[in-house]
Amino acid sequence: MRWQWRIYEEPLREPLATAQGVWRSRSGIYLRLEDEQGHVGYGEIAPLPGWGSETLSADIALCQQLPPHLTPEIIATIPEALPAAQFGFVTAWQSVGQLPYRLRPWPICALLGSGRVALEQWQQPWQQGQTTFKWKVAVLSPEEEQGILTTLLAALPQVAKLRLDANGGWDLATAERWFAWLDRHGNGKIEYVEQPLPPDQWQALLTLAQTVTTAIALDESVVSATEVQHWLERGWPGLLVIKPALFGSPERLNVLLREGLEPQRLVFSSALEGAIARTAIFQCLETWQPCRALGFGIERWRSAPLLTSLADYDAEWHRLDNYGKNYYK
Ligand SMILES: [Mg+2]
């Protein structure tokens, strides 16, 4: 199968403040495959080293090394250390002759700004039918945040669910105080707390998950399939946030699910990938059947619509010409 690749860099709609500083653009590699009968397929490698994947330069080096004709055997040699590349090539290969996909829209979690703005921001997505919300914590003091949360929990309708994301920003003592508070005041509306402690505190995370009532999800701790596997072997009893674009070959999740990983323990989330990867992820979701709202509410930063025709793919392949350098094989 012949293939081409091109690097893109797309400015974000608004800067994104992260623990690694402010991000202003998102880079990746688009792949285009074509078989001898003229069937095409597309893939996207969207690494995010700040969130634990390989670097874009590592993926560029891979693309430069691969031969001009791909086979499944060649794709299978992409190392575990390049999970975003594994995802891009495996999904590109699977898409050849299969596009466009028929995809269903899954419920999406609405992101609320940190602090008091959340008290106003939940209402518009609620009116549009969204029932799951996420609010960043560990931004203000616990007392201030618990004050706001009391008001927010009282305002949210009973069927609404709220996720709290600490992004690893608590220490153990703060986390214990928070969980004691949530176990008393959560009101049945707290779906889970995401990454209460930094990823290196894995023993404390395990102990917390075994002792508190409120559910805990690992996010920063589990980026690649290898890390997910590692945590399952440690006996992690809680939820796992999966960012498919950084996870590796989707087949590895299929294997874990066949081996008994319960689908309700998974939360699927975006890594700010572009439209090609997003559409590939939604195709995977047809197999994975998510049980929880998706963490794909990223429109504020990047527009990544699902691609519903071959013309959409072709337009997306060319859309970023102005931003990226183009490489052809
Ligand atoms: Mg998170």
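This is a short tour of one protein chain, stop by stop, with a note on what to select at each place.

Keep in mind throughout that you are looking at a predicted model.

**Stop 1: helix α3.** Select residues 83-95, which form helix α3. At 1.5 Å a residue these 13 residues should span 18 Å, and the distance between the end C-alpha atoms is 18 Å, which agrees.

**Stop 2: just past the helix.** Move on to Gly-97, which comes just after α3 and takes a positive phi of about 75°. Pro-100 sits in the loop that runs between α3 and β4 (110-112).

**Stop 3: an annotated region.** Colour residues 115-215, for which an unreviewed UniProt entry lists "domain: Mandelate racemase/muconate lactonizing enzyme C-terminal". Over this stretch the chain is 47% helix and 15% strand, while its end C-alpha atoms lie 22 Å apart.

**Stop 4: two loops with positive phi.** Select Ala-138, in the loop between β5 (132-136) and α6 (142-155), where you will find a positive phi of about 65° although the residue is not a glycine. With a relative accessibility of 31%, Ala-138 counts as partly exposed. Next select Asn-187, in the loop between α7 (172-185) and β7; this residue, also not a glycine, has a positive phi near 65°. Asn-187 is partly exposed too, and its relative accessible area is 42%.

**Stop 5: the magnesium ion.** Which residues coordinate the magnesium ion? Select the ion and show the side chains of Asp-165, Glu-194 and Asp-219, which coordinate it through OD, OE and OD atoms respectively, at 2.1 to 2.3 Å. Along the sequence, these donor residues follow the spacing D-x28-E-x24-D. Glu-194 belongs to strand β7 (residues 190-194), whereas Asp-219 is in the loop between β8 (216-218) and α9 (225-233), so this pair ties together parts that are 25 residues apart in sequence. To finish, look at how these two residues are covered: Glu-194 is buried, with a relative accessible area of 3%, and Asp-219, at 10% relative accessibility, also counts as buried because the cut-off for that word is under 20%.

Definitions and conventions. Residues are numbered from 1 along each chain as its sequence is written. This is a predicted model: local features need pLDDT of at least 70, side-chain atom pairs count only at pLDDT 80 or more; totals for chains, interfaces and linings use all residues. Side-chain values use heavy atoms; hydrogens and water are left out. Helices (H or I, at least four residues) and strands (E, at least two) are DSSP runs, numbered from the N terminus. The expected span of a helix is 1.5 Å times one less than its number of residues. UniProt positions are given in the numbering used here, feature names are shortened, and annotations may be inferred rather than shown by experiment. Donors are N, O and S atoms within 2.8 Å of the metal (3.2 Å for Na, K and Ca); water is not among the atoms, so sites may look incomplete. Buried means under 20% relative accessible area, exposed over 50%, partly exposed in between (1.4 Å probe, protein chains only).
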